[in-house]
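I am opening a notebook page on a structure that is new to me. I want to set down, entry by entry, what I looked up.

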Amino acid sequence: MTTLRDETLEVRASADVVRLRQVVRSWAAELGFSLVDQTKLVTGASELGRNTVEHGHGGQVRLEMLNDDNRRGLRMTFEDQGPGIPDVHLALTDGYSTGAGLGLGLSGTRRLMSEFRIHSEVGKGTQVQVVRWR
Amino acid sequence: MERIPILKMGDVLLVTIQVDMHDQLALALQDDLTAKISHTGARGVLIDISAVEVVDSFIGRMIANIAAMARILDAQTVLVGMQPAVAITLVELGLTLPGVRTALNVERGMALLRAEVESASRSLLGKADDDTQG
């Protein structure tokens, strides 16, 4: 698997989440994703970006265009140095929320992606990595 | 701060969202709309999202909140123009917008609102007549 291109964006405020949505939209279109898949990628980026801002107190996202044999994909890795998630399993449950949201951010995004990985350490931060393949 | 404009057409408030909303802008719209319903005594709210390319859980919650608040203020809300890719993504995300009426476009949404508002006033009038007789 090779990375064709990568870019790292700061995600500290809700305006950064809007910018992230725009960048993900243009990358997804360039990769030839269908309109529905573009929308899923942008929506997932929006959910995870908001988590980084709201729960992680800001962080970064690394976007990568991937090439794996005959398929292409978009990988997004969100990283924050926030308080971390004490119970990742619980955080992945539909409807569970510690914030003001609906508790669909993590669990819903997982359904929108081909791959979903989460690693969190209390007091150190959280990393969420998602991939959607074409 | 920028604001989403709210137009008044008779007793219906029309909101056309044409920008990629950041979270504060969505919250401001929620506040502005409730204030305007109360101020104008509007009976209906029509929200046109045909130009919106992404509805994530935050925006979805804002729409559901507007509908709930409007209902308490005696106004009906109809959401119109959702793009198919947005609808598919929303359902997969797990957001089904319970309690929010929808229509395919502004024309149908307006017809639906007019019918609802009329039938609501008719039943109110009918009840008033009963009261005077009894």
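I begin with a term: I count two strands as paired if DSSP finds at least two bridges between them. Helices (H or I, at least four residues) and strands (E, at least two) are DSSP runs, numbered from the N terminus.

The model is predicted, and I keep to its limits: local features need pLDDT of at least 70, side-chain atom pairs count only at pLDDT 80 or more, and totals for chains, interfaces and linings use all residues. Residues are numbered from 1 along each chain as its sequence is written, while chains are lettered from A and ligands numbered from 1 in the order in which they are written.

Entry on strand β3 of chain B.
I looked up the partners of β3(B), residues 44-48, and found that strand β2 (residues 12-16) of chain B runs parallel to β3(B), joined by five bridges. In that pairing B:T16 has B:D48 as its bridge partner. Between β2(B) and β3(B) the chain passes through α1(B), and this β-α-β crossover is right-handed (with the strands pointing away from the viewer, the path from the first strand over the helix to the second runs clockwise). With β4(B), too, β3(B) pairs in the parallel sense, over five bridges, and there B:D48 stands opposite B:V80. The chain goes from β3(B) to β4(B) through α2(B), again as a right-handed β-α-β crossover.

I then asked which way the residues of β3(B) point. B:G44, B:L46 and B:D48 point one way and B:V45 and B:I47 the other, and all are buried (20 or more other C-beta atoms lie within 10 Å of a buried residue's own, the C-beta atoms being placed from the backbone; 12 or fewer would be exposed, and in between partly exposed).

Entry on helix α2 of chain B.
I checked the length of α2(B), residues 57-72: at 1.5 Å a residue its 16 residues should span 22 Å, and its end C-alpha atoms are 22 Å apart, which agrees (the expected span is 1.5 Å times one less than the number of residues). Among its buried residues are B:F58, B:I59, B:M62, B:I63 and B:I66. Their cover includes α2 and α4 of chain A, together with α1, β3, β4 and α3 of chain B. After the helix comes B:D74, whose phi is positive, near 65 degrees.

Entry on where the chains meet.
I found 24 residues of chain A in contact with 18 residues of chain B, where contact requires C-beta atoms, placed from the backbone, within 7 Å. On the chain A side, α1 (14-30), α2 (35-54) and α4 (105-112) each give two or more residues, and the largest share, nine residues, comes from α2(A).

Entry on chain A.
Chain A has four helices and five strands, in the order β-α-α-β-β-α-α-β-β along the sequence. Nine bridges join β1(A), residues 2-11, to β2(A), residues 59-68, and these strands run antiparallel; A:T2 has A:N67 as its partner in β2(A). Ten bridges join β2(A) to β3(A), residues 71-80, also antiparallel, with A:M65 opposite A:L74. The two strands β2(A) and β3(A) form a hairpin with two residues between them, and A:D69 in the turn has a positive phi of about 50 degrees. Last, I noted that buried residues make up 40% of the 134 residues in chain A, and that its C-alpha atoms fill a box of roughly 40 × 25 × 25 Å along the principal axes.

Definitions and conventions: Contact = placed C-beta atoms within 7 Å.
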